[in-house]
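Visitor: I have a structure open and would like to go through it piece by piece. Can we start with the aromatic residues and move on from there?

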Amino acid sequence: MQILLMVVFSYPLGKYIAKVYRGEKTWSDFMKPIERLIYKVCGINPDEEMNWKQFLKALLILNAFWFVWGMILLVSQHVLPLNPDGNGPQSPDQAFNTCISFMVNCNLQHYSGESGLTYFTQLFVIMLFHFITAATGMAAMAGIMKSIASKTTKTIGNFWRFLVLSCTRILLPLSLVVGFILITQGVPMGFDGKMKVTTMEGKEQMVSQGPAAAIVPIKQMGTNGGGYFGVNSAHPLENPTYLSDIVECASILLIPMAMVFALGFYTKRKKLAFSIYGVMLFAYLVGVAINVHQEMNGNPRIDHMGIAQNHVSMEGKEVRFGAGATALWSITTTVTSNGSVNGMHDSTMPLSGMMEMLNMQINTWFGGVGVGWMNYYTFIIIAVFISGLMVGRTPEFLGKKVEAREMKIATVIALLHPFIILVGTALSSYLLAHHPDFVASEGGWLNNPGFHGLSEQLYEFTSSAANNGSGFECLGDNNYFWNYSCGWVLILGRFLPIIGQVAIAGLLAEKKFIPESAGTLKTDTLTFGIMTSVVIFIVAALSFFPAHALSTIAEHFSM
């Protein structure tokens, strides 16, 4: 039902998004006075066209400004208002990691939501970044769509206009709808401190509350992820009912799915959009099938204990919704850059953990809002180049020649992702083996030795590089090494691909448009879709199979 809802609603939403970015008339035009006020206050001329270099400059300056903003607030949150629980400040290394994490549309949390942040920083750092970073990715994709739709142009639109429209016309309306639904289901929305409750065992417990209903919708809609509460959407106040579970899980993929259709409507190339959508949906459904099967069948070692019942393991699962719902969420959150969870990935079966990591290591199946398709765009360029060489034709994509410069950029982007993941994992493993005193001085890292311990480290860097943020949470990560190493992986994994992808789009846009002919390589066919999938799979398989052979696959066979 959830998957059907996402597929059905993504088509009209994609059509609406394309109209918004093209400046066509929509039902949300009542927001124009607010948008004009924003432009006026910020000194922005929304009609001023930018080339790709100006576009990227604006994007990077915006993110640099909000990074400084976030750092200042996080280290001084204890003296700021809206702190009824008296939470203290974050240390500089933890604030660096937190600020970078949410600045890059990730949600890697080396803290617990209830105690690591105040209501003020939840709203004016985390929720604010949820809007800005999601809109940044969407604006980048809008610029690429404009470059593709134009035959020959030196400009790719106005970054500030695309950013504002993404917030006012798409993210805000959808978040309000989801927020109202969650409030009806019991998600708290207020500013009172912890409330005292009596548990079923008769003991008293202090339970955090706060403005959760304002933050949860945009964290899901913008594929930001994160947990207002430490245990995320497994918390009964963040995800109270089965309806809230369906709505939150569907919200994660809705915009990424719709952005693929938006590409087709904006560029007037629906066949291309359907081809890409079909490849991504197939990969997503395969992942769902594998994880649901793994989690519903559970751990065979439970059978060896002589327990005469279904051996589904509910350890780490959301018992209110069942192992199947946790498995579905685990794939939905990792095919995007969302990272929110309704169960603990550390407790899933080894092959489920492998699928969760592969989704992030491939990082092209729908992905984060905007940037997911952009990652796929990188592999389209590579596939076009390889296909052209195979059939003896000049590599072209949508009427533009793909030459050495574009191919070099695409190759660097494609190889950067596995490079930063594997180098980070190798470094942490080396420190564990050769510098145990350093690891011990930071409080220790691994609670699980052997294959699973390697999986925990591999997952942490994979999640950082994919700007996802979920984790195998038995890793002791709130220390100097993990805060800084993951922070730099987050930066490299977010901004270098965006820079390269926008640069490719800008360079291609400047080239002379070549009308299609009988010799043109068709990129909107099933055959080319399969070709692109094969290229993606080969890069992922060659890069990550050795690491998985020593971690998730080895753990699976050891059971």
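**Rings, cavities and contacts**

Guide: Tyr11, Phe261, Phe265, Phe274, Tyr277 and Phe366 are joined into a cluster by ring pairs. Bear in mind that this is a predicted model.

Visitor: How many aromatic pairs are found in the whole structure?

Guide: The search finds 30 aromatic pairs. In one of them, Tyr11 with Phe261, the ring centres are 5.2 Å apart and the planes stand at 75 degrees, so the pair is edge-to-face.

Visitor: Which helices do Tyr11 and Phe261 sit in?

Guide: Tyr11 is in helix α1, residues 2-22, and Phe261 is in helix α9, residues 242-267. The two are 250 residues apart, and the pair links distant parts of the chain.

Visitor: Is Phe261 buried or exposed? And what about Tyr11?

Guide: Phe261 counts as buried, at 6% relative accessibility. Tyr11 has a relative accessible area of 34%, which makes Tyr11 partly exposed.

Visitor: What is the geometry of the pair between Phe96 and Tyr484?

Guide: That aromatic pair is tilted, with 5.4 Å from centre to centre and 45 degrees between the planes. Phe96 lies in helix α4, residues 92-103, and Tyr484 lies in helix α18, so the pair ties together parts 388 residues apart in sequence.

Visitor: What is the accessibility of Phe96, and of Tyr484?

Guide: Phe96 is at 11% relative accessibility and counts as buried. Tyr484 is partly exposed, with a relative accessible area of 35%.

Visitor: What is Met71 in contact with, leaving aside neighbours within four places in sequence?

Guide: Phe96 comes up again there: Met71 is in contact with Pro92, Ala95, Phe96 and Cys99. Met71 itself lies in helix α3, residues 52-75. Val125 is 54 residues from Met71 in sequence, and their C-alpha atoms are 9.1 Å apart.

Visitor: Change of topic. How many cavities of 30 Å³ or more does the structure hold?

Guide: There are 6 of that size. The largest cavity has about 340 Å³ of space in it. It is lined by 31 residues, and those closest to its centre are Ile362, Asn363, Asn375, His417 and Pro497.

Visitor: Which elements give two or more residues to that lining?

Guide: They are α13 (350-362), α14 (371-391), α15 (404-434), α18 (480-509) and α19 (526-549). The largest share comes from α15, with 6 residues.

Visitor: What is the lining of the largest cavity like by class?

Guide: It has 16 nonpolar, 14 polar and 1 charged residues.

Visitor: Back to Asn363. Where is Asn363 found, and what is its phi?

Guide: Asn363 is in the loop between α13 and α14. Its phi is near 60 degrees, a positive value in a residue other than glycine. Most residues other than glycine have a negative phi. Asn363 also counts as buried, at 15% relative accessibility.

Visitor: And what is the phi of Asn232?

Guide: Phi of Asn232 is near 70 degrees, again a positive value in a residue other than glycine. Asn232 belongs to the loop between α8 (212-221) and α9. With a relative accessible area of 7%, Asn232 is buried, because the cut-off for buried is under 20%.

Visitor: Now the α19 helix. What does Thr532 touch, not counting residues up to four places away in sequence?

Guide: Thr532, which is found in helix α19, touches Tyr376, Phe379, Ile380 and Ala383. Thr532 is buried, with a relative accessible area of 0%. Gly500 is 32 residues from Thr532 in sequence and 19 Å away in space, C-alpha to C-alpha.

Visitor: Last topic, the largest nonpolar core. Which residues have the most contacts inside it?

Guide: They are Tyr21, Ile255, Tyr284, Tyr377 and Phe397, in a core of 159 residues. Helix α6, residues 119-149, gives the most to this core, with 19 residues. In soluble globular proteins, nonpolar side chains tend to be buried together.

Visitor: Take Tyr284 from that list. What does Tyr284 touch, not counting residues up to four places away in sequence?

Guide: Tyr284 touches Ile3, Met6, Leu253, Leu328, Ile331, Thr332, Val335 and Phe366.

How values were computed:
Residues numbered from 1 in each chain as written. Predicted model: local features only at pLDDT ≥ 70, side-chain atom pairs only at ≥ 80, totals over all residues. Heavy atoms only, no water. 1 Å grid on protein atoms, 1.4 Å probe; cavity = no way out; pocket = protein on both sides within 12 Å on 5 of 7 lines; lining within 4 Å. Points joined across faces, edges and corners; volume = space filled by probe spheres on them. Helix = DSSP H or I, 4+ residues; strand = E, 2+ residues; numbered from the N terminus. Nonpolar A, V, L, I, M, F, W, Y, C, P; charged D, E, K, R; others polar. Buried < 20%, exposed > 50% of the residue type's maximum accessible area, 1.4 Å probe, protein only. Contact = heavy atoms within 4.5 Å. Core = buried A, V, L, I, M, F, W, Y, C linked by side-chain atoms within 4.5 Å. Phe/Tyr/Trp six-rings, centres within 6.5 Å; stacked < 30°, edge-to-face > 60°.
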